[in-house]
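Please look over the sequence and the structure shown here before reading on.

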Amino acid sequence: MIDFLQINPGIWLILSGLICTIIPHTPFTQLYRKCLVVCAPIFTAFMITQIFTSDIAIGGLISIAGIELTTLRIDNLSMVWGYLFCLIGILNGIYGLHEKCKITDSAALIYSGAAVAGVLSGDLLTLFLFWELTAISSVFLVWRGGEHAYAAGVRYLALHVLSGVILLIGAVIHAKFNGGSYAFNHIGLQNLGGWLILLAIGIKCGFPFLHMWMQDAYPKASITGTVILSAFTTKMAIYTLARGYVGTDILIYIGAVMTCFPVFFALVENDLRRVLSFSLNNQLGFMVCGIGIGTELAINGVVGQVFVHVIFKSLLFMSIGAVIYRVGTAKASELGGLFRSMPITALFCLIGAGSIAAFPLLAAFVTKAMIISSVIYEAHHNSVLYLIAAMLLFASAGVMEHSGIKVPYFTFFSHDSGRRVKEAPWNMLVAMGLAASLCIFLAFPWGGYQMLYNLLPYEANYKPYTVDHVVFQLQLLFAAITAFCLLKKSGLYPAEKRSEILDFDWFYRKCGFDLLKSINLGWNTLDAKISNITRSAYGSVNKCLYGVFSPIGSFSKAAPSGLASVMTAAMLILVLIIVYFVR
Amino acid sequence: MSLIKKSSQQVKPFDKERDIHPFAIPFLWLGNKKVIKNFIWIPFSGLILMILIGLLYPQKHPAPWDVIPGSWALIGFFSYCLIVLCAKPLTSLLAQPEDYYGEGGLLDPEFSVENMVDEND
């Protein structure tokens, strides 16, 4: 008898995705497929609840080639990610109801299933398996963006598969230092394995100089694809950091840099989906920094921030996706004034923008403050952390710039682009409405944020709605908006221009590619020269041999019999010498 | 790889003045030039108010910069200005034509995706 509570719940989503692939492509069966896309995450959430409430902390134990695998672990930490991935899977399913594409539905289910299974896995080898599955399944969502997304998809796949390979090597080395155990608990940086695993996570998580795949692939994916992609991969990486590297100092500095540098790129970027990708990178920085701090308050802040971030970031990607669906572009230079045509989408986008900027009564207000507060509290013992806190505040102003102002302003307000389109389809509005409601509900002072705090791994005593917190946060946000208005009025705010903004990927997309082309050209030239030299050498040898052995060669000429005898004797002696020494 | 092409279905052209969503009509004043010009007074008033309240209710766990009145307002204002003023040098350093990598750039059809059909569908 199969005990279903011993099966990793992510498997149900993966199975649903596989079923989707075999459902025939007809209008009638599409209904079943769409039901599956929405219902499978609900069933998975139900299974997570069943397992969590039945006190099965660890399950699905398998022994392969003498290695013990723990394919299921549900505790206070992994449970939050499990529920979150199911929730966002439902929202994504509703958002994509209009899309007839079988590949998107199947890939989305397998991808979300792999992410759920990954965060609920209890050992590094199981994690590796689902880590790679997320890469392989999600690339189809990138490729669904069309022909222009093909190269970005290949780069995306290459980097993510590489990340998985590094994770595997790191896991093997780490296990060697830990008596052969692949258990996925605290890893740390005590051995090379720990560093390699951190590097693997760094690729998925968008550490500085490893982040480019996000801004490369996400804006090129399909409309639904980008929304789905933004939710899982990076949050799975944050989970692995929160599980394996809590309190690792280097993460504080990496996280702080991650919060700051995308702010500058987001400002000069014209494509709003790319702006949101930089914004995603910036938000991940807050989480990485919090994990580096590692106190209970910081970890609670990280987990809370992950939860609300997935919702409001999806909401922002959904609203820009709806604009692309109706208008056909996400370029700020081509948009403006769309609140006249898409007022409901504009409202949802504003809620998402307010949430990410941490306005009081909106989502990030109750979570991001925990991370910044934890840095300031720790700075009382280590004054260097004041610099980190200042960087986080700087980045908060940056968030207000790119996500709080730029995205809604250039899309829905700004100058009137004259585009009059229909409001987003009903299913997109329902998905955005649900996400927007969650952004409000999860920050609601009376019973809302408390529900979010109940999900956090440690007891949350933090009070977000204190006068000083509300007032000082509003100071920061009002100051940023005032600065925007002043700069706009004075003409110092840069106009949006169509361009390709170079990032670190320039080194391999342009420099590396040109280098490969040069190497190829050099190799071809060398090959041609070697061929010429070889050909002329063969020609010379051939000519010599011809001159000696051919019918007109010197050996063919009449020679005295004595000379022939001498030659024969010499050859015989030579053969005898060779045979003697060879034997 | 999927290919998308424009649907043969004709789309009714929109009228810029008339085709406004009914929900948007009460908010058309947001596009009024006078409103846009004077919008700055809303955040500025809020800012002054918050600085004044901040003097009465200081931070419970102050950072060194919190001894300056309106410290978070100053951080927000100057951070924002710094970020925006970096745009010009950054653009001149990093901006290239859209076809720089020769991969076709980002999604930018001249028509809505809504009117496209997928050959794979």
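The model is predicted. Chain B comprises 121 residues, 33% of them buried, and the largest nonpolar core of the model has 215 residues.

**Chain B**

- Four helices and three strands make up the secondary structure of chain B.
- Read from the N terminus, the elements of chain B follow the order β-α-α-α-α-β-β.
- Among the contacts in chain B with a separation of 6 or more, 51% join residues 24 or more positions apart.
- Chain B has an accessible surface of about 8,300 Å², and carbon and sulfur atoms account for 65% of that surface.

**Nonpolar cores**

- Within the largest nonpolar core, the residues with the most contacts are A:Trp81, A:Ile238 and A:Leu241.
- Helix H12 (residues 296-327) of chain A supplies the largest share of this core, with 21 residues.
- Apart from this core lies another of five residues, including A:Ile14, A:Ile110, A:Ala114 and A:Phe130.
- Beyond its neighbours within four places in sequence, A:Trp81 is in contact with A:Val119, A:Lys235, A:Ile238, A:Tyr239, A:Ala242, A:Val303 and A:Val306.

**Helix H3 of chain A**

- Helix H3 (residues 76-95) of chain A contains 20 residues.
- From first C-alpha to last, helix H3 of chain A reaches 29 Å, which is close to the 28 Å expected at 1.5 Å a residue.
- Helix H3 of chain A is mostly covered, as 17 of its 20 residues are buried.

Conventions:
Residues are numbered from 1 along each chain as its sequence is written. Chains are lettered from A and ligands numbered from 1 in the order in which they are written. This is a predicted model: local features need pLDDT of at least 70, side-chain atom pairs count only at pLDDT 80 or more; totals for chains, interfaces and linings use all residues. Side-chain values use heavy atoms; hydrogens and water are left out. Helices (H or I, at least four residues) and strands (E, at least two) are DSSP runs, numbered from the N terminus. Buried means under 20% relative accessible area, exposed over 50%, partly exposed in between (1.4 Å probe, protein chains only). Contact means heavy atoms within 4.5 Å. Accessible areas come from the Shrake-Rupley method with a 1.4 Å probe; for residues, only the protein chains shown count as cover. A nonpolar core is a set of buried Ala, Val, Leu, Ile, Met, Phe, Trp, Tyr and Cys residues joined through side-chain atoms within 4.5 Å. The expected span of a helix is 1.5 Å times one less than its number of residues.
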